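I opened a new page for this structure. My plan is to go from the whole chain down to single contacts.

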Amino acid sequence: MSGVWTEDTALVKAVGPKAASPLAKNKALNTIGDLFEYLPRAYVATNALTDLSTLREGETVLVVARVVRARTQPMRRNPRQKMLTATLTDGRHELDLTFFKAWGHERKLAPGVVGVFVGTVSRFNSRWQLTHPEYEVLGLADDGWGGAAADADDPLATAEKGVARYLGHYIPVYSETTKVTSLDIRNAVELALDTVDRVREPVPEEICRRRRLMSRRAALELIHRPRLEDTPRLGVDRLRYDEAFVLQVILAQRRQAVEEMTATSRVAREGGLLAAFDARAPFTLTAGQREVGEVLARELARNRPMHRLLQGEVGSGKTVVALRAMLAAVDAGGQAALLAPTEVLASQHHRSLTAMLGDLAQGGMLGGSAIGTRIALLTGSLSAGAQRTALNDVVTGDAGIVVGTHSLIQDRVSFHDLALVVVDEQHRFGVEQRDALREKGKAPPHLLVMTATPIPRTVAMTVFGDMETSTLRELPAGRSPITTHVVAASRPGWLDRTWDRVAEEVGRGRQAYVVCPKIGDGETEEPDGPDGMDGTDGMDAVDELDLVDKPGGPDDPGQPEVRELTGVYAMLERLAVVPSLASARMAVLHGRLDADTKDATMLAFSAGEIDVLVATTVVEVGVDVPNASVMVVMDADRFGISQLHQLRGRVGRGSAPGLCLLVSDAEPGTPAAGRLEAVAATTDGFELAQRDLELRREGDI
């Protein structure tokens with residue numbers, strides 16, 4: 001070995017190319033540090049046999065058991081080749097092992113040997129079995145599992161060297177794939193821990209002393225090689241502290257960098273666009289909208305760039321608040337850009353802003369206001385001519401407000417004077433994407449990011465520590481209440497009643513959404529989400545580490561259940577034969593349709609020309625059709641709490657009460673059923689966000 005190996009060293013140097021290649025391809029583990037931070041999902045104790053009564057067919061297990069019988073016999077088709085069958089026991093139940101090539105195994109797996117075995121459980125002749133499992137010998141049952149003898153006839157003589165390291169220890173269990181087993185990862189971790197020279201300490205020594213933190217090296221040993229008397233959770237806590245510390249340092253540096261920037265003060269002029277809009281607005285601002293508006297006005301007037309997060313309930317009027325800030329920027333001689341994650345949402349914003357401004361959005365056009373501006377729409381699927389027109393309006397400054405998707409970030413987009421950047425549904429964008437748009441300003445522009453997914457204060461302080469935060473809780477006057485019910489898909493009568501309720505709403509002249517998790521056949525769910533964005537609703541849950549005596553522990557998620565999910569086209573066919581909906585006008589909407597079709601469909605639905613819109617989650621945010629009063633979500637257990645809350649926010653936006661029906665076959669008492677019950681119990685997004693945090697924990701930042 002040459003040089004000094006650290007956590008940044010390529011993994012291939014520590015474990016070799018044969019072991020490193022599948023880890024990199026299947027687990028994205030490329031460095032020693034990546035491997036160290038790949039935490040076990042559970043632990044198996046080596047001081048007690050596994051209870052074999054807990055086995056389930058098809059599950060991958062890691063068991064500690066004793067060999068009670070073993071025999072070899074010729075293969076039927078090839079008598080010269082021997083197969084080995086062995087039987088394990090926990091003292092009460094049995095599990096068979098089958099090796100179609102006995103060589104190399106028959107001496108190790110002698111009666112009395114205790115080992116750790118990894119494989120997939122199957123049934124053969126009404127008995128549980130593992131076929132060609134991976135295993136390691138721990139010792140002999142009558143010698144404390146550690147008395148390896150030197151005699152060549154001893155069954156332990158052929159066992160792997162270093163097996164004694166597991167005696168008195170927990171065996172970590174790692175999440176697997178078909179190409180990478182828990183044993184593969186464990187062996188790689190062992191080798192890396194033994195060969196790495198230096199483990200980095202991201203926390204300064206003085207802070208480690210003050211906080212009484214164990215060393216990072218000790219934490220890794222505690223996590224990956226815990227003794228039976230150890231508590232691995234303490235090691236995990238140290239790694240979490242490191243992650244939080246580094247994140248907060250970065251956020252502090254970003255806050256400092258923003259404070260050191262010089263921005264252009266943007267103050268709305270008297271008698272300008274903002275004043276004209278306020279004078280003619282057909283609604284009254286809520287107290288929260290007025291308060292946040294005053295805060296934004298003060299920060300826009302500073303010579304340091306605003307850096308603010310605006311979060312609020314679904315339908316709380318964030319768009320109006322953002323529009324008033326954009327009008328102030330235009331009044332001050334600048335431009336505002338509104339970045340949306342999908343074309344459907346960008347087009348919806350363009351239509352709603354244009355409608356709210358009226359002739360104020362027709363600057364320089366026949367019939368337009370003398371003080372008006374223009375609103376440009378820029379998306380990737382616009383025709384070449386429409387793109388040229390939009391780009392010209394942006395670069396000349398004729399368009400004071402520019403609405404678009406990721407297309408706004410492209411190099412060919414140049415602004416005349418970008419004063420304010422508004423990012424809608426900020427969780428769909430990375431920091432680099434937001435910064436790429438901000439760099440298009442002559443001076444650092446002000447930044448306002450918005451989310452309709454309420455964030456618990458603890459999470460907001462952690463993830464958005466570089467931003468000031470404003471919150472809108474109050475709903476504008478005129479918003480109707482929404483009632484939510486869970487519909488058991490296994491009860492046909494309930495599902496029939498669901499479609500009858502949709503038909504009743506349509507019969508009253510109202511409209512309905514039917515949301516499905518996928519587009520068509522051959523998919524488990526819509527793979528690309530809305531318009532190429534991730535279709536999931538947030539962070540992955542953090543696995544809990546449990547000290548258990550059976551594989552996977554009580555929180556082991558096991559293998560995901562594969563079931564047929566509802567697609568929009570299959571749903572359309574089903575609804576077409578529902579008698580009560582025979583006269584209903586229906587259409588589909590999903591992210592793979594071309595932009596013109598999506599836009600035409602949304603325009604028709606907004607105009608009341610479509611009664612039932614069968615869609616994927618492209619309607620999750622920003623879609624505003626006041627006449628829509630009912631939403632049915634199929635396979636609702638496939639969606640998270642925040643996504644369901646967002647989806648149902650599409651109804652109840654007019655005078656008619658909203659109704660949301662969550663169709664699911666989730667078993668009562670399961671986590672999935674618990675999520676649906678939480679959504680049905682309240683329409684308070686902040687309460688649901690807290691509940692979501694409790695159920696899924698913090699996730700991975």
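**Entry 1, the whole chain.** I then took contacts in the protein chain between residues at least 6 apart in sequence, and 74% of them join residues at least 24 apart. I note that this is a predicted model.

I looked up the secondary structure next. The protein chain has 20 helices and 22 strands. Its length is 701 residues, and 51% of them count as buried.

**Entry 2, a sheet.** In which order do the seven strands of the open sheet run? I read β11-β12-β10-β13-β14-β9-β15, with parallel pairing. β11 (374-378) and β15 (468-472) each have a single partner strand, so one side of each is left without a neighbour in the sheet. These two stand at the edges. From one strand to the next, the twist averages 20°.

I also checked one pair inside this order. β10 (residues 335-339) and β12 (residues 399-404) pair in the parallel sense, over four bridges. Within this pairing I found L338 opposite V403 in β12.

Then I asked which strands helix α9 touches. Helix α9 (residues 287-300) packs on the sheet and touches β9 (307-312), β13 (418-423), β14 (446-451) and β15. The direction of α9 makes about 155° with that of β15.

I turned to helix α8 (residues 273-280) and helix α10 (residues 318-331). Their axes come within 8 Å. They cross at roughly 145°.

Which residues meet here? From α8 I listed L273, L274, F277 and D278. On the α10 side they meet L323, R324, L327, A328, V330 and D331. I sorted the residues of this contact by type: seven are nonpolar, three are charged and none is polar.

How many disulfides does the structure hold? I found zero. As a reminder to myself, a disulfide is a covalent bond between the sulfur atoms of two cysteines.

Is C208 buried or exposed? C208 counts as buried because its relative accessibility is 13%, and the cut-off for buried is under 20%. C660 has 1% relative accessibility, so C660 counts as buried too.

Definitions and conventions:
Residues numbered from 1 in each chain as written. Predicted model: local features only at pLDDT ≥ 70, side-chain atom pairs only at ≥ 80, totals over all residues. Heavy atoms only, no water. Pairing = 2+ DSSP bridges. Axes fitted to C-alpha atoms, helices over the stretch in contact; angles between N-to-C directions. Contact = heavy atoms within 4.5 Å. Disulfide = S-S within 2.5 Å. Buried < 20%, exposed > 50% of the residue type's maximum accessible area, 1.4 Å probe, protein only. Nonpolar A, V, L, I, M, F, W, Y, C, P; charged D, E, K, R; others polar.
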